[in-house]
Amino acid sequence: MYSTNYHRASSLKDAQALFKKAGDGKFVSGGQTLLPTMKQRLAAPSDLIDLRHVKDLKGIKVSGKKVTIGAATTHAEVATNDKIVKVCPAICSLASHIGDPAVRHMGTIGGSIANNDPAADYPAAMMALGATIHTNKRQIAADKFFKGMFETALKDGEIITAVEFSAPKKAAYSKYPNPASRYAMCGVFVADHGKGDVRVAVTGAGNDGVFRHKAMEKALAADWSPEAVASAKVNEGDMLSDIHGNEAYRANLVRVMAKRAVAAAG
Amino acid sequence: MSTVSTAVNGKSVEAVQADVDPRTLLVEFIREHLRLTGTHVGCDTAQCGACTVHMNGRAVKSCSMLALQAQGADVTTIEGLAKDGALHPMQAAFHECHGLQCGFCTPGMVMSSVQLLADNPKATEQEIREALEGNLCRCTGYHNIVKAVQQCQAGGVPANA
């Protein structure tokens, strides 16, 4: 790891001030991606500004169907939260399968979506749940937040404070994890918001990060059943190809994971 | 250089102040500054879990965080489990069930196992295997590790670190 400086922010204001002072600062939350990346010398921020102890970024609120999750909430906290599980068990299940238990104790929802790894799980949930991403400056719809591989709508120095969504009528996430890294080779989050509003988001498989599969959404709005997505056309040209699976393999995985997710949602 | 102060293994006398380079990983701090070498570095990429310690009662991978991120926290390493010379029940169960061969993964495996029973005292075999997915063992095939966790569980012994 290249040399760096560490600062623990006590508040959002403090975090912004520290960022402004830093030459090439980066915010860190759980650090479960950033620290390994720095160890590989793929990232070399001059300063790390730790957001994990900022009170405004913590906490989970559920009021009726409205769920708000603070950005510094860990995957383990989402996975085991009694209130969320009652209204949207799919996101708890998703959180309980990120990485492994030790990673889930550190990694946070804000960090995951700010990084927008093309194989991360949360971006698919945010898109399918029609979530709103709150930052210290504005609110951004998930559809406009994720901009492609490792790219988001966040501006320099902008900090995610929370995510908010309305619990769907039913939802489920199904992923095919890489057996070594446990990152999704394909993960599909399906959500039925009622009144024909169905959302299907795919992570891990697309060559430009998370995306919504509109044809599947249309098919499911007409007929919510695994069969409805079984024959959906998945464009192989839009898929990732690597040593773990080529475009055709991933395109098929998208259909299979979508079928499983619909079946699991019931 | 920055100052790290943490409580390690519950003893205030072991609360440590040391000047460390900010890029020092928690595992480097534990092994090289504190000379507590029970915590191992296996893969160094957060896959194998040999470096697992508890921070404020939660299992974390000490190779994937900075020592400074543990500032002010209570850290428990494998050396902190035994009390008054007696092995922690999980350590005793690993010993009795021969839940190890070369022993390299064992400190992390024990730390994760203690966490798993603290979270889920009635874990089924399947749940035990899932909860240990972040810890790799290249010798045992895991069977005796799972048996050790089950033995500790059956003993009804408190699994709090």
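In this predicted model, 29 residues of chain A are in contact with 24 residues of chain B. Between them the two chains bury about 2100 Å², of which 54% lies on carbon and sulfur atoms. On the chain A side, the residues that lose the most area to chain B are A:Tyr6, A:Lys39 and A:His105, which together account for 26% of what that side buries.

Charged pairs also join the two chains: the count between chain A and chain B is 3 salt bridges. A:Lys39, already named for the area it loses to chain B, forms a salt bridge with B:Asp44, and the closest N and O atoms of this pair are 2.8 Å apart.

Over all chains, the structure holds 12 salt bridges. One that lies within chain A joins the side chains of A:Asp143 and A:Arg199, at 3.3 Å from N to O. This pair links distant parts of the chain, since A:Asp143 belongs to helix α9 (residues 142–145) of chain A and A:Arg199 to strand β13 (residues 198–203) of chain A, 56 residues apart.

Within chain B, helix α2 (residues 89–96) packs against helix α3 (residues 106–119) and against helix α5 (residues 143–154).

| Helix pair | Angle | Axis separation |
|---|---|---|
| α2(B) and α3(B) | about 125° | 10 Å |
| α2(B) and α5(B) | about 135° | 8 Å |

Because its angle to α3(B) is about 125°, α2(B) is oblique to that helix. The crossing of α2(B) and α3(B) is right-handed. From α2(B), the contact is made by B:Met90, B:Gln91 and B:Phe94, while α3(B) supplies B:Thr106, B:Met109, B:Val110, B:Ser113, B:Val114 and B:Leu117. By class, this contact of α2(B) with α3(B) has 6 nonpolar and 3 polar residues, and no charged ones.

For the other pair, the angle of about 135° likewise makes α2(B) oblique to α5(B). The crossing of α2(B) and α5(B) is right-handed. Here B:Pro89, B:Met90, B:Ala93, B:Phe94 and B:Glu96 of α2(B) meet B:Ile145, B:Ala148, B:Val149, B:Gln151 and B:Cys152 of α5(B). The contact of α2(B) with α5(B) has 8 nonpolar residues, 1 polar and 1 charged.

Technical notes:
Residues are numbered from 1 along each chain as its sequence is written. Chains are lettered from A and ligands numbered from 1 in the order in which they are written. This is a predicted model: local features need pLDDT of at least 70, side-chain atom pairs count only at pLDDT 80 or more; totals for chains, interfaces and linings use all residues. Side-chain values use heavy atoms; hydrogens and water are left out. Axes are lines fitted to C-alpha atoms, for helices over the stretch in contact, and angles run from 0 to 180 degrees between N-to-C directions. Helices (H or I, at least four residues) and strands (E, at least two) are DSSP runs, numbered from the N terminus. Angles under 35 degrees count as roughly parallel, over 145 as roughly antiparallel, 65 to 115 as roughly perpendicular and the rest as oblique. A crossing is left-handed if the near helix is turned anticlockwise from the far one by less than a right angle, and right-handed if clockwise. Contact means heavy atoms within 4.5 Å. Ala, Val, Leu, Ile, Met, Phe, Trp, Tyr, Cys and Pro count as nonpolar, Asp, Glu, Lys and Arg as charged, and the others, Gly among them, as polar. Buried area is the accessible area (1.4 Å probe) that two parts lose on being put together, summed over both. A salt bridge is a side-chain nitrogen of Lys or Arg within 4 Å of a carboxyl oxygen of Asp or Glu.
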